Structure formats: C-alpha cells, structure tokens
Amino acid sequence: MTATSRAGSPRAADQRDYEGLFARWEQLYERAHRGQVHIRGRDVPVVDSRQGTSQFYVMPQFEELALSQWVIFVRDHTGVPSGRHTHQGGIAIFGVEGDGFSVVNGRRFDWSAEDAVLLPIVPGGLDHQHFRARDDRPSKFMGIIYEPLVVGLGAEMVQLEPQTRQSQWAPATDTGAKGDGRTVAAAEPTLAGLLAMRERQRASLHPPALIRRADLPPDASAFGELRWYIHPAAPGFAGTAPMFLFTQRLEPGRATDVLATPGNGIMFVLEGDPLVELDGVPYQCERTDMVLVPPRRDGVTIGVRAGRHESRIVVARRPGDGRGPRAEAASAVAAPLLRCERAYRMPRRGEGGAVATTTPLPVPALRSRRSAYVAEDWEKRIFRVNREVFRSPQLFARERARVWERSWLYLGHESEVARPGDFKQRTLAGRPLIFSRDSTGRVRAFLNACPHRGTVLCRETEGNAKTFQCFYHAWTFANTGELVGIPDAGAYPPERAFAETMAMREVPRSENYRGFVFVSFDPRVVPLADHLADARDYLDLMVEHSPRGLEALPGTHLYGIRGNWKLAVENAMDGYHFSPTHVTFVEYLKNTGYVTSDEGGRAITLANGHSVLVFSGHGGRVGMQWEPRFGEAERLRIGSNIEELRGRLGAERAARVSGTSRILYVFPNLLLFDIEGLAARQLEPVAPDYTDVRAWELAPTGETADSRALRIRVLGSFIGPGGLATPDDVEAYECVQRGVVATAGDARPEIDWSDVSRGMERESRGEPARNVDEAGIRGFWRHWDDLVGSAPA
Amino acid sequence: MSAVTRQQVEDFLFHEAALLDEWRLDEWYGLFEPGATYEVPTTDRPNERSDRAQFYVSDDYELLGARVKRLKSRHAHAENPHSRTRRLITNVRVGRSEGHDVRVDAAFLIYKIRDGNVDSFVGRYEHVLAANGDGIRFRRRRAVLELEVLRPGGRLSFIL
C-alpha cells in the first residue's frame, strides 16, 4: 500500500477483486480529504424520528461528509419522545444541555449537561430508553456511535415499546430485560454453565455506567483543560464504547498547541466561539457546530483557539495509528482497541519540518488598531492610550452620551432595600435617582424629580415610606410611583387622566441579576443577560458562596477621588501594581504568618468590556481560604463551608468558588472584589478629573455572628479609604491624574501616550495572560474605544 | 463624680493631637491600653456596631499596631510624603465613669494639607478612656464624621 499504487488509472469500486477494494478505499480517502468538515448546528434539520426529535449530524450515508463511519446525532425529544428499544452497546450518550435520564436494562441513570452514559458491549445488547428530566425543560444529548463496531457486533435494533414521555414512565416490574447478566442462571458444570458463567463475568465487568463531569479531574494539557470520559487507561474501557471521549475547555483567547493525530472523530462545540484549525484550515465555529476530524492518509493536525468566550468542546475519536482509512477500516472490527497514539507538538503545515516548542494558531483576536486615543500594534507588541482620555471635557461629555446614557449601569443590591417601602437616594450618570422597593415588594428605580416642576422629590438620603411627597406643591405619590394626591385637583380637568400622565418617572429599564440590580436610561438597550454575557459566570461564583445568596451589609463607603473614573478601572484590572504599591500590606500579611504569591494568576478579557483577574495565592478569604490571622475557629468553619459547597455545587465548582480569588469588572461602573471578603464598588464619574465611589461589603445571608465580625475586620484591613491598601491605590490614580497634565500639548506628541503593553509578547505566543500583565486593561480600552474613542463624532 | 477632670482629659486629647500632627506614631500607639480599639464608622451609619456593619476603620489593638507600622514606612505611599495636619479639638465633655472607664465626647476639626489641597474633616469623638493611677489611656477611640460623603478628599490614610 504505497503512495504510488494509489495514483494509478481510475478504477471502479464495484470491481470484484483487490482493485475494487482499493478503489472503495480510495473513495473513502477522497472523502476524508475533500469532504465537508464543518457542520453548522443551525443548518442541520430537526426531524422527528422513531426515537425522538433529532438532528442527524453525521450518518454513513451522508456522502458529502469527510467522515464516513460514524453516526452522530443530537436528540432532545421536544416533539417525539424516545421509544424503548434494544441494540448492542459500544455507544456513548453525552449530555449537551439540560437534564435527562436514560433507563438501561431497567436501571435509571440521571444525567446533566456534560455527563456521559456509556452503553457497554454485553451479550444480547441493551434494552434502553431516554427521557427528558421534565417534559417542559430542555434535555439534549448526543448519541455517538462508531458504525463499523456496531455493524460488526450485529447492528440489530428492536423496538420494544412505543414512545413514552417522562411523565408516563414507571420503573419496569418485568426484569426480564436482555443482557444485563442478572437473568443468567447459576453456573452448572456443563458447557452451557461455562458459557453462562462467562457471560455473567462479562456483564459484571462492564455494567452500563454514568460518568459525571463533576467527578472527573481536569487534566491541564497542551490541548486545553481536558476531562476524560473514556480513556484507554481507564478500567472497563474494553467493554465500553471503543473510542476516546473527552471534553476540552479553553479560557477566552487561549490557544492549544497544534497536535498531530490519526483523525477519525468529531469535535462538537458545547459553548463559546472557538476557531478550530484542521490541517491549517481555520473553521470559525459557534455553539452546536461540529467539526469532523477525518482519518486522512498522514493523519491530521488540530489546534483550537477560544474566541472572546470560554470554549467548551466535546471530542469523540477512534484510537488509531495514524495511517489513514485503510488501517482504520482494517482494524475497526477485529481489534476495537487500537493503541493510543502519542500526541506530540509539531509545526503547522507549511511551516517546514522543524519541530517547534509551541506553534500557536493564527490569532484573530490580536487585531491591531489605531484610533485617536488607542493604538494597538501587534507587530511591535505595543498598546498605548492617549492621555487626553483622562483630561478632556469633550470626551467626558461623549462618554456620558455613549456609555452612561446607553449601557446597563449597576444601581445597587436588592438587599439594600430589603423591606417594602425601603428607599435610598442614589445618583447615577449624574442623575438623581430613588432606588426603592414598593409596597408590593417590587424593586424600583425612579428619577428623583417631581413630574410637576422638577423639584427633587425625595430629600431623605434613605428611609422607609409608603408615599413620597414633594414639599413644593405637596403632590403626593405612592411608592409604586402613582400620583395619589394633588391639592386642589379640580383645577386639572379631567382630574384622573391628568394624574395618570404625572406618575413618578421610572428609569426606562431595570433588571435584576441574582440580586444585583442594574438600570439603563436607554429603552432599547439589549437584555441585561446579553450585556453581562460571560461575566455572569463570575458573578455566579460570588453568589454561590452561600446557599442563601448574598446581602449588602449596612455601612457604605462613600468617597470622592481626584481622578478620572477610568483610572479606577485600570487600577482594579492591574495585578502588576500589587507588589510595589501594596508592599506595606504584603508586609502586614507576612507578619501575620501568610505569604502571598502571584503564581498561576490570570487576566481574562470578557465580552462587552468586562474583564476579570483571577488569583490563586493572593490572600485568604473569610469563609473560603484560611490565613493564620483568621484564627482556629474560622479554620473549622471554612472546612464545613467547603463541605457544604461540594455537596451543593460538586467538587469542581466548589473548588472554583473556594480556591481562587477574583476581581471582576462589569463595564462600565461596577467592580466586584472576591478577595479577603466580598465587596462591590460603584464608580460615578463627576468630572474628567473627579469620581465618586460607593462601596458595599457583601456577605453570605445569615452567616454566624462570629464569621460576620471577622469578615468585616479582615476586609476592612485591606479595602476602603481607611484600609491598609486602598489609600495607596487612590494615591496612584490621583498621582496619574496630576501627572498626565505634564505631557499635554507637548511638542513631541508621541510622549503623551500611556503604555499598557505588558504581556503582549506572551499573548502573541498564544500563552494565557497573567494577572500581573495588562491584558485586562487592554480589553477595557478596546471596548471603550469602540464605543467612544474611535466612534464617529 | 468622674475619675478624671475635664482639664485632665483636655490635656490628654491635646497631647494626643500634638503627637499625631507631629507624626510621632509610636508614642501615640503607647496611649492605647492593650486590647483597645480604634473605630471610624461610615458616614451613613454613624451609630452602627463594628461587628455588624462595614466601617472605614475598625482596628483591634494588633491591627492598629500594624497600621502604625505601615504609616511609618516610606512605602505607605498615600502618606509619603506625610500630609500636614492640624487638629482643633474642642467642646470636650466628660461623661459617666464605670470603674476606671470614662466616656468622653469632643468635637474635632482636622485640616489635612497635601498636594495643593486643603481638606477638612469635621466630626466628634466618642472615646472611652481608662483612667488609672498612672495616667489616661484609650480603651476605645472612636471618630465619627459629620460629613455626608468623604469629599473632596476620599482617604483616611492618616489618623482621624
């Protein structure tokens, strides 16, 4: 089987000799090289089949595809439920969305997204049926079948029962199901007894198995963070589906090494917008897209780069030896267990033969830009910001119009107005507002101006009231906004209709995300969830501290800083300054017996201008990460908190909540600190060189008095105008504000730019950004530039 | 009958003010009983307790020691160079005593001058002093701001 033997004259695949066989293989080879590789989920028709509503991505009879030996479908049973049926195993069921359960040989397996149910190869096949967890909730799974094996084992399929819905299912009383080994009679010293015993042993070796994502340890590899569902080194592999099955997670912007593999498998995008590069050809994917990895003659190279979002992909692939469809086809049935090839780093195609240490993908995110205010140059790895952005009254006015009047703005936490009638004054984007909860319990945001003549309506900074009365002409409004009293109302005919036009003016849009209340002055703003996008996951990590959510403590830090609001954003997204600026705080921690480190920290740029710094060894956190200064009692409480988290969220999520610290910036006016304790900081620009700050401490609702007291003391030691660290941050941005005047109007205009290039060199090599780099700051400036700096006047 | 006279309390407070204005922080820390506290509640919750509410400052004796140590470092950037401060302390009232402890209230006006700005911080002290045979010390030192917001200068990097 040399290369030259392929390049002969055209041959017909129906010839009844070797030539015909080679011709057929040649056709498969052609498909693998020239067939369709990228299948967009939205282009795959949704059809009702005998087993339920399905999208068939890959079938052996789909001649246009590069992959020829697989059956891959996504099923959700929205129209037609599944029937009970039997066929041989060697198949994987992978949860894609929502929750469901599968009943296999009478045993029920409840699964969620990214769990897998393995249907093993057992004598007689498996009797099974799939259900949505609830008929009104999504429940999608992917069926992954390697056809040659199923055919080789006898691909008979028998429909045992018609389709039923979850609500109609009851555990079967008839346990005469086939092939689970339990119905086989006890062994007797006969040939039949021997066979029976063997079958029982087989069945007990390979029962159907549920593999939960939460139980799988992440494998930090050159190919991203992997979780192995089916792996040759795992016990029971021989009897399960004869394939690798794993998921891959990549942080936004991060790329894998390019790997050479024998191919023959699929990649399905569960989340994100990754770019998948197959043999040097990029395929921009979105959620539910599939990339086929065909078994090409010399194998294929694969690399993945996450886009602006975290990428999660599930990969199913045949073990193979990299010699293409012939070897694969020849070995498929006879030896379902082929050796696991060694993944190795190699240059991308067209880059010559030398083996590079890392070979990043082309980087679509690394686009250069040059506007009046932001210069990003990936050739020189330089990112600069024109200092005019901190000084200019014109830009300040433009920001008001394009950011603060259009974006979602953080207003406050719902617990600040916990009881009906509670209200607080709060100014956002220069507009005085009333943040309140009306008597029906609904959280409200009103403009604090009487509809009559514009007088400030509510003059108490906070309180509890059923009504608001304007002192000027004594118009009275219910706390729902309704105008309920006008002195001498008869002067306004018709009285009722007039009053209806004069209700308190609400802020056009208001939405609540898990207790965090946001408003927008733009009625056409996108839904809050779309604005928050990936930031939601990091907000969730904070809310998940406690089974009862968070509450804002009494006592608000209210202070002004003599600096532009964007300096406060830069400072918070800047891990670089921590060591030099906060050396006295680091000293203090060291004296209490705790040493901080920057190891393993990340800066992650999220969509819509948000970004997050992740710290692993930054410092302890009350309730989550112990430090000696917290004392022994807190060490025990942390132990039981983590236990509770594991039970509620699973080991992996619990580790994320408890094990890492974070600073999250939600564009444009909210900073959330999950370091030391939990805090929210709101930025309110007042002038180009002046910003008001409001900061709240958040805490798990209903925590013990001891924890609460410790939390307050620990957070207070670091954060806020009286802490041991924040004053030095304030000094930093006030000093920048005073310093950037020096270069204004200089004869050398190039020196009037600030540099935030740190980490670009690493980023251009495809390495993840560290929190001590300036990547988070760059993400902010790009978004700001899109909205303000480079937008047409 | 108080254990101390107003004259003695005023002398103590004026001496303390001089130590702070002259940045003699070690001597100032020596005015605290072991176990004493230093508190500054937020402007919107001047009457809260520091184990239930967020404060600007709620130092126990050890954290206060760390604060002093930090402020003496040239790496305490917010106060390097030091602010100039001048404290005017008046309206001193000596309240009830319990054993050796005496409640003392006073008004303060502190000017903080740095970087071309003159910021004033006005408020009241709600101290508890321990008056033993060997002199007066702080049991609780509490500074309550009358400001609505920490403006124009938003930092309490100095001692209030």
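Start by selecting A:Asp488, which sits in the loop between strand E33 (483-485) and helix H7 (495-500) of chain A. Keep in mind as you look around that this is a predicted model.

Next, select strands E26, E35 and E34 of chain A. They form an open sheet of three strands in the order E26-E35-E34, with antiparallel pairing. Which strands stand at the edges? Strand E26 (409-413) and strand E34 (509-513) do, and each has a single partner strand, so one side of each has no neighbour in the sheet. Neighbouring strands here are turned by 30° against each other on average, ignoring direction.

Now zoom in on E34(A) and strand E35 (residues 516-520) of chain A, which pair in the antiparallel sense over five bridges. To see one of the bridges, pick A:Tyr513 and find its partner in E35(A), A:Phe516. As a general point, strands of a sheet pair through backbone hydrogen bonds, either parallel or antiparallel.

**A hairpin**

For another strand pair, go to residues 46-49 and 52-58 of chain A, which are strands E2 and E3. These two are antiparallel and share four bridges. How many residues lie between E2(A) and E3(A) in their hairpin? There are two. Select A:Val46 as well, and you will find A:Gln55 of E3(A) opposite.

**Two helices side by side**

Now show helix H10 (residues 565-572) and helix H18 (residues 775-789) of chain A. They pack at an angle of about 145°, and their axes are 9 Å apart.

**Where chain B meets chain A**

Zoom out and colour the two chains separately. The contact takes 39 residues from chain B and 38 residues from chain A. About 3,300 Å² is buried between the chains, and carbon and sulfur atoms give 48% of that. Which residues of chain B lose the most area to chain A? Select B:Gln54, B:Tyr56 and B:Arg70; together they account for 21% of what that side buries.

There are polar links to look for too. Between the two chains there are 28 residue pairs in polar contact, and the count of salt bridges is nine. To view a salt bridge, pick B:Arg151 and A:Asp692, whose closest N and O atoms are 3.3 Å apart.

Strand E2 (55-59), helix H3 (61-72) and strand E5 (117-132) of chain B each supply at least two residues of the side that touches chain A. The largest share, five residues, comes from H3(B). Sorted by class, this side of chain B has twelve nonpolar, twelve polar and 15 charged residues.

**Two cis peptide bonds in chain B**

Stay on B:Arg151 for a moment. A cis peptide bond joins B:Arg151 to B:Pro152, with omega about -5°. B:Pro152 lies in the segment after strand E6 (135-145) of chain B.

For your last stop, move to B:Asn80 and B:Pro81, which are also joined by a cis peptide bond, here with omega about 0°. Where is B:Pro81 found? Look in the loop between H3 and strand E3 (84-98) of chain B.

Definitions and conventions
Residues numbered from 1 in each chain as written. Chains lettered and ligands numbered in written order. Predicted model: local features only at pLDDT ≥ 70, side-chain atom pairs only at ≥ 80, totals over all residues. Heavy atoms only, no water. Axes fitted to C-alpha atoms, helices over the stretch in contact; angles between N-to-C directions. Contact = heavy atoms within 4.5 Å. Buried area = accessible area lost by both parts, 1.4 Å probe. Salt bridge = Lys/Arg side-chain N within 4 Å of Asp/Glu carboxyl O. Polar contact = N/O pair within 3.5 Å; in protein donor to acceptor, adjacent residues only side chain to side chain. Nonpolar A, V, L, I, M, F, W, Y, C, P; charged D, E, K, R; others polar. Pairing = 2+ DSSP bridges.
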